[in-house]
Amino acid sequence: MLKKHGIGVLFTFIAIVLAILVQVIGLFDLANYKMLDYSYQLRGPLSSWAAHQDNPNDSLDVILIDVDDESFRLLADYGWPYPRGKIWDAAIVNLANAGAKVIVFDIQFDSRDAHTANVLSVFNGVLPEGYSDGDVEIADAIEYARSKGTEVVMASTIKTELSSVPPQMLVTPNEYIMQVNPDHGLVDIDEDKDHFTRRYPVFGAMAHEPDVWRPSLAVKAVKYFLEIDDDPGLTYDFEIGEFTYGPLTIPTYGSDYPGFLTNIYGPASHARIGESEPWQTFQRFPLVWIIDTDDFDLPAAEEDTDWMSNFDPTSGFNSMMAMMDPTFEVMDSPFKDKICIIGVSVEVMHDYKSTAFFDYLGAPTLMPGFEYHANATQTLLDENFVHVLGNTIEFTSDSALTHIFIVIICALLAYLIIAFLDPLWGAILIGLEATVLFSISVGMFTTDHLWFFKWISGNSESILIPPPGETLFVPIMAPLVVMGLTYLINVLYRFILEQRDKHFLKDTFGTYIAPELIDKMYEEKQEPKLGGDAGVHTAFFTDIQSFSAFSEKLSAEEVVELLNEYLTEMTDILLENKGTLDKYIGDAIVAFYGAPVPVENHEHMACLTAVNMQLGLDVLRKKWQSEGDRWPDIVHNMQNRIGIATGDMVTGNMGSAMRMNYTMMGDIVNTAARLESSAKQYGIYIQVAESTYLVAKDGFEWRQLDYAIVKGKNEPVYVYELMSTKGNLPDGYAEMLEAYHKALDLYRSQKFEAALEAFIHSDTLEDMFPGRNTNPSRVYIDRCKIFIEDPPEEDWDGSWRLTEK
């Protein structure tokens, strides 16, 4: 047992090593990423503007200004890129007037304004009188916004050109815009291996300036929203893995990545779930609405609504209403004290990210890049960071010990299950272990450990939303795999051991017991050993009638061929009926039932074997007859005799430690042998002792044969002829048995003259097929004649002593 468990632990260790190696090379990363995405979807969105329409103050701090399909269509006359002095300066001014706290551009302004550049190219680099420089106008708009208390953050990026020296450069807004020193943040975002976007950098650095940390767009947006002092500088605590930026504390995704996991607040805001309106995780407005004021006409609009003027108290409509009604209040601006991120969602720009909510509720929708910045910005503002057990999903120096510990714990639990349970129950419990681990992982992510029951009950909407900063993701793919590996390796090892042990048992018992009994022996852990076990079993003897005559008619080779065919058929029938083959003695078969493995109703099985052997031999006779002159008549008419008796015997391996034979011993064995041999005296072919008959009688048709003292015994026993299974007597046999049993009753009543007449009648009904020299009726005719001449004593018990075997 200790050796077995020692090997099991060794195999479990191998499973642990394999799982860790696969984790190290990153093959589990993709599955863990998808598990993270699935956890987001089970948690559900953290926000939808539809949920806040009645109380806008509860909505998120970030608003999206979108160059969407509507804006692209209505502003088509301006062409893309839009003229900065006509479109973007208007957007800045209008948002500043509407009270926006921070305006963030996820649009590059590094090159010259296209419309201004076209005019300069036509007029030899000099702007004609009355034409304004678009870049200067946007710079003026930035200055105006500052005067209104609104900061503008522009986009920058680190560009790599291998032909340049150095190969990396910082790309910022062009020099004309930079004259007013707008702040800018990096928009560079990395994708994971599966091309999904899950992380967000706090800063970026160029290879030739690794110590110069340049904050990302979201960090800059948060700086101005929270009114952090100018240039507080980024610091990093290597011991706890956190960035500090003014009052912000930002936990990093491992020590090798300068950023964090973005907490995705919901599907893309323009996504439509079914037939509903756009989801609007973040409140979203088309750019064309932002520039639509009293003094701006939309060239392609069917109706100019001056939408943005609704929030301007100096607009014509609001001024008129104030004059007419002193209590009139201007509509509250949705942009007041918000971060307004301006970007592009129109498909032709291809600025999209695949995120965790890509296919939320069966509606595949990519997220515009600027909305991903919005999610990162809101994550920073709420300090709603997604933490990972071990700091990283990947196997890194940060996560190594945590990953290894979880893998070991799960593997050992799986081994304890499979070590003490059969494979089926082991699989069920290991599946349950995996389900619990999965449930714990999602429960830690959602902070709702009852989520599974809510989910399976169809009440997923009630799954709790985790408080800010308490979302924890537990990577479970390596633990799940190690549980599966532990199960498979140990079950395979157990299977190999079982096959080895079964092979050993088959080597020992396979030639004389049925395969299913060998399987049962293995299940009950029975091993071959010298010695015997006492018990009540059924002995079974059979041999061929007058087999010595066969050798006179056949050559030795033909005798062997015939005998092999016969013994094969008879042995197959024996084993099919759960008999144990003891030995062959020439043409004789010695067998027993109920050992080495207990067999229910072994008496019945022995009788069934005898009937089936007679049927099987009939098939063989027809086969041999169909082969014509190949076999003589003695073969065509072959019969076999069978003796069956049930009683106490000893069964076991007997012999020496070097060579043993599984056999039976006991007085009942001799009785069965005598029944087989004495059957020829009655001209019958299956003789059964009373001990067997009393148990098996209901399943078969019988002839009461005799109350005989077999040779070598002193006590008489009732014996019976087994005729057939119940209800399957051959034609005419029922009439014969009725006549025979009436005659037998007269005989046992010592009415020998009447019995003689009755037996003579039953003899005429007996089936005297070829090879049958006598029958029980004829035997009793002779006895009646003897008793008529010499009657027995009055206290005669009806017994008869057999003088031959």
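Predicted model: local features only at pLDDT ≥ 70, side-chain atom pairs only at ≥ 80, totals over all residues.
The chain contains 26 helices and 27 strands. Of its 805 residues, 51% are buried.

Two packed helices are described by the angle between their axes and the distance between the axes. For helix 5 (residues 84-97) and helix 7 (residues 134-147), the axes come within 8 Å and cross at roughly 5 degrees. Helix 5 is therefore roughly parallel to helix 7, since angles under 35 degrees count as such. On the helix 5 side, the contact is formed by Arg84, Gly85, Trp88, Asp89, Ile92, Val93, Ala96 and Asn97; helix 7 supplies Gly134, Asp135, Glu137, Ile138, Ala141, Ile142, Tyr144 and Ala145. By residue class, this contact of helix 5 with helix 7 comprises 9 nonpolar, 3 polar and 4 charged residues.

Glu394 sits in the loop that joins strand 17 (386-388) to helix 13 (400-420). Its relative accessibility is 15%, so Glu394 counts as buried. Leaving aside residues up to four places away in sequence, Glu394 touches Asp29, Tyr33, Tyr253, Ser399 and His403. Glu394 also illustrates how sequence and space can be set side by side: Val24 is 370 residues away from Glu394 in sequence, while their C-alpha atoms are 7.7 Å apart.

Note on methods: Residues numbered from 1 in each chain as written. Heavy atoms only, no water. Axes fitted to C-alpha atoms, helices over the stretch in contact; angles between N-to-C directions. Helix = DSSP H or I, 4+ residues; strand = E, 2+ residues; numbered from the N terminus. Parallel < 35°, antiparallel > 145°, perpendicular 65-115°, else oblique. Contact = heavy atoms within 4.5 Å. Nonpolar A, V, L, I, M, F, W, Y, C, P; charged D, E, K, R; others polar. Buried < 20%, exposed > 50% of the residue type's maximum accessible area, 1.4 Å probe, protein only.
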